Amino acid sequence: MRFYTRYLQFFALFIFVSTSAVNAQSLRLWYDKPARVWEETLPLGNGRLGMMPDGGVSNEKIVLNDITLWSGAPQDANNYEAYKYLPQIRRLLDEGKNEEAQDLIDKNFVCKAPGSGDVPFGCYQVFGDLNIKFNYGDGKEPQYSNYTRGLSLERAIASASYIVNGVTYRREYFTGFGTDVSVIRLTANKKGMLNLSISLSRPERVEVSVNDNTLQMEGGLKSGTDKPGMQFLAKVKAVLKGGTQSTTSSTLEIKGADEVTLFVSMGTDYKDQAYKQKLTELLNLAIKKPYHQQKQQHISRFNKLFGRLSLSLGQSRAADALPTNQRLVAFHKNPAADKGLPALFLQFGRYLSISSTRVGLLPPNLQGLWANQVQTPWNGDYHLDVNVQMNHWPVEVTNLSELNLPLADLVQGMVEPGKRTAKAYYNADGWVAHVITNIWGFTEPGESASWGITKAGSGWLCNNLWDHYAFSNDKAYLKKIYPILRGSAQFYSSILTKDKKTGWRVTSPSSSPENSFYLPNGKHASICIGATIDNQIIRELFNNVIIASKTLGIDAAFSAQLKDKLKSLPPAVNIAKDGRVMEWLEDYKETDPQHRHISHLYGLYPASLITADGTPKWAEAAKKTLNVRGDDGPSWTIAYKLLFWARLHDGNRAYKLFTEIMKPTERTDINYGAGGGIYPNLLSAGPPFQIDGNFGTAAGITEMLIQSHEGYINLLPAIPDSWKAEGAAKGFRARGNFTVNFSWKNGKVTSYKVTSSTPKTVKLKVNGKFITVKAIKA
């Protein structure tokens, strides 16, 4: 047996080495035309700075972003009289007068105006545009040929090339992981052929000037308070080989150059009053460093993260033969012909994670890092009823564990304002956050009861924080987040009230995010007692705090209180007469059976209260729930359904949802129903662009290949028929601080290797059988 295991491990290493070259070749997006719209541009980012070039021949627009650029300011929108209405709200709900209770909440139990509708809540905003106008000598619109532009995921570099009048022009773009400035390099294969004008612009609130051959754009955003809003600055310098440079009051003019390298340094005063000095220093340092040296440094530092994982799902006839936009169309028509696209999309999700956040800064928002508007959809904020959580679902399993830490920092910043909100509305201990937040620590209910009173947000965030511990086993981290977890559990524990019909302890008022139901009188409401998501989140959170208390050897008395409270909570699942999971404590009829939110299956994913093997009756009820919900929706909804079916071990249904999310679209309207898809640049369409669909789908792909939430590592738990022929995965992570490599053929695992920083035994499920092995020291 030992010899056989070693043989399998050796064979696995051979497979991974032999497939890595094939995998690397396909890790690019490419196109044969410039981008017509923003949804065709290529996203670049280093976790702070973002850049999206369109590759235009006559005029190029490069959209610029900084993850910290927010309008608004810290505020206190709590209604400190709200808690006085809580007994009346609860009484109305006990009497079945949900509509009256909701009216009372709308009047007295929401945030103070203007809520999320304006500052000081604020919104994430585009930084501006870098505009380059090219002159090819005759003043006419150039006729170009041999056009190609692309994005290398493994190098985090975009490029473009084309021929005009017999001259080959090339461009490279990257947001430096080494220099922390954005770089654009322009070359031509004949000397003196680069003639261009460079400018900066933004729709509002900026001044553009030129000083000492440096183009700069400076401004300040609205705060909504008596203090100034966020200040920001961008500087652009051009380094020439050959040719001449001159300036106007707002442009850099370059004539007859052989090569031009543009350096863009940007920053804001978010937690940094010395930002102007720092971005100037970064700019000056970058200019002094040879281009090829900083390019290699950029690639090397990026690959310390990106290079940890590889995936091959077998040979693909389509591969790189088609431009990515055409490849997407072809895949939607015949998914079986392109096994490379799912692997590419997983790696694109990892690429977006690495590009849109970094340790010490902010987590990705609704649009990650990339926005092209001053007023971003839904403020580009952090929605706490699935969206920001979904943004982080793939990072642990895809070996990007540290990228969970910015979310932990954001949550830490919500604790103190969350304590004020808990007192103001519930006269409760601990801290709470509701449906939306921003970088300023907003924790109040939203401005409408129909969606804003949901208070599952803080508990759901604790699931993400716990996940990092579950995967890393980092006790120092657990000790750091324990007060956050404890404070959240303390809040829920203190607001539980006894339901008069069942005797269970539940939340009241409660709601299932953004959904509503019919009342016996034919009217509808959103407010209820003990929505299922509340019950599931509280049960999971209490258990996690109990485990943390024991692991750290602290807080035994509080742990005992939670154990006692667990006895009186409703079951994680109640099954309705029609066999579905009940979304509310009462068996209400939903107003929209295909509603985009499926919050009552939280226990299936991301939690592990419902499992295919451990709770088969509940799993069957979850299947019936999903069948009624249908397979369409905004992209993030489809991604969530993919994850649910993967957890239910139905690989073919999960794969069907993957093909559904990959349908090409160019829609940019605000969508709440069916009709998600993928833009030509592979960003997820709600529509409009919402990055959670990318991240949720990436998590779904991994969930089809490896799961570890049931106390063991399950290999190929939901592999679809389309991927069974052959494949190899390297660098995937599992709970318990394990790294797993494995390969398969004809749907059966043929080799595997489990490593850990600390050698220890681990239980695996391989080809339907349970085995126990000792992980190899990493």
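# Pockets, cavities and local features of a predicted model

The largest pocket in this structure has a volume of about 620 Å³. Its lining is made up of 28 residues, and those closest to the centre of the pocket are Trp466, Ala470, Ser708, His709 and Arg735. Two or more lining residues come from each of the elements α11 (457-472), α13 (532-552) and β32 (761-766), and the most, six residues, are given by α13. Sorted by class, the lining of this pocket holds 11 nonpolar, 10 polar and seven charged residues. The model described here is a predicted one, and what follows should be read with that in mind.

## Enclosed spaces

Rolling a probe the size of a water molecule over the atoms shows where empty space is left. When the whole structure is searched, two cavities of 30 Å³ or more are found. The table sets out their volumes and the classes of the residues that line them.

| Cavity | Volume | Classes of lining residues |
|---|---|---|
| Largest cavity | about 130 Å³ | six nonpolar, three polar, six charged |
| Second largest cavity | about 40 Å³ | five nonpolar, two polar, two charged |

Fifteen residues line the largest cavity, and nearest its centre lie Val397, Phe471, Tyr605, Glu703 and Arg735. At least two residues of this lining are supplied by each of α11, α18 (692-705) and β27 (706-707), with α18 giving the most, three residues.

The lining of the second largest cavity consists of Leu42, Pro53, Asp54, Gly55, Arg149, Ala158, Ser159, Ala160 and Tyr173. Strand β7 provides the largest share of this lining, three residues.

## Helix α5 and its buried face

Helix α5 covers residues 291-306, 16 residues in total, and spans 22 Å from its first C-alpha to its last, which is close to the 22 Å expected at 1.5 Å a residue. Which residues of α5 are buried? They are Tyr291, Gln294, Lys295, His298, Ile299, Phe302, Leu305 and Phe306. Viewed down the axis of α5, these buried residues fall within an arc of 140°, and they therefore line one face of the helix. An α-helix has 3.6 residues a turn, so residues three or four places apart point the same way. The cover over the buried residues of α5 includes the strands β7 (157-164), β8 (167-175), β9 (182-188) and β16 (259-268), together with the helices α4 (275-288) and α7 (340-356).

Ile67 sits in the loop between β4 (59-66) and α2 (86-94). Apart from neighbours within four places in sequence, Ile67 is in contact with Gly47, Arg48, Tyr124, Ser356, Leu361, Leu362, Pro363, Asn365, Gly368 and Leu369. Ile67 can also be placed relative to Thr437, from which it is separated by 370 residues in sequence and by 15 Å in space, taken from C-alpha to C-alpha.

## Backbone features

Most residues other than glycine have a negative phi, and most peptide bonds are trans. Several places in this model depart from that pattern, and they are taken in turn below.

The peptide bond that runs from Val119 to Pro120 is cis, with omega near 10°, and Pro120 belongs to the loop between α3 (98-108) and β5 (128-134). Gly686 and Pro687 are likewise joined by a cis peptide bond, for which omega is about -15°, and Pro687 is found in the loop between β26 (684-685) and α18.

Asn146 is not a glycine, yet it has a positive phi of about 55°. This residue is found in strand β6 (residues 144-152), and its relative accessible area of 58% makes Asn146 exposed. Asn379, also not a glycine, has a positive phi of about 65° and is located in the loop between α7 and β18 (382-383). At 11% relative accessibility, Asn379 counts as buried, whereas Asn146 is exposed.

How values were computed: Residues are numbered from 1 along each chain as its sequence is written. This is a predicted model: local features need pLDDT of at least 70, side-chain atom pairs count only at pLDDT 80 or more; totals for chains, interfaces and linings use all residues. Side-chain values use heavy atoms; hydrogens and water are left out. On a 1 Å grid over the protein atoms alone, a cavity is a set of points where a 1.4 Å probe fits but cannot get out, and a pocket is an open set with protein on both sides within 12 Å along at least five of seven lines; lining residues have an atom within 4 Å of a point. Grid points are joined across faces, edges and corners, and a volume is the space filled by probe spheres set on the points. Helices (H or I, at least four residues) and strands (E, at least two) are DSSP runs, numbered from the N terminus. Ala, Val, Leu, Ile, Met, Phe, Trp, Tyr, Cys and Pro count as nonpolar, Asp, Glu, Lys and Arg as charged, and the others, Gly among them, as polar. Contact means heavy atoms within 4.5 Å. The expected span of a helix is 1.5 Å times one less than its number of residues. Buried means under 20% relative accessible area, exposed over 50%, partly exposed in between (1.4 Å probe, protein chains only). The arc is that of the directions from the helix axis to the C-beta atoms.
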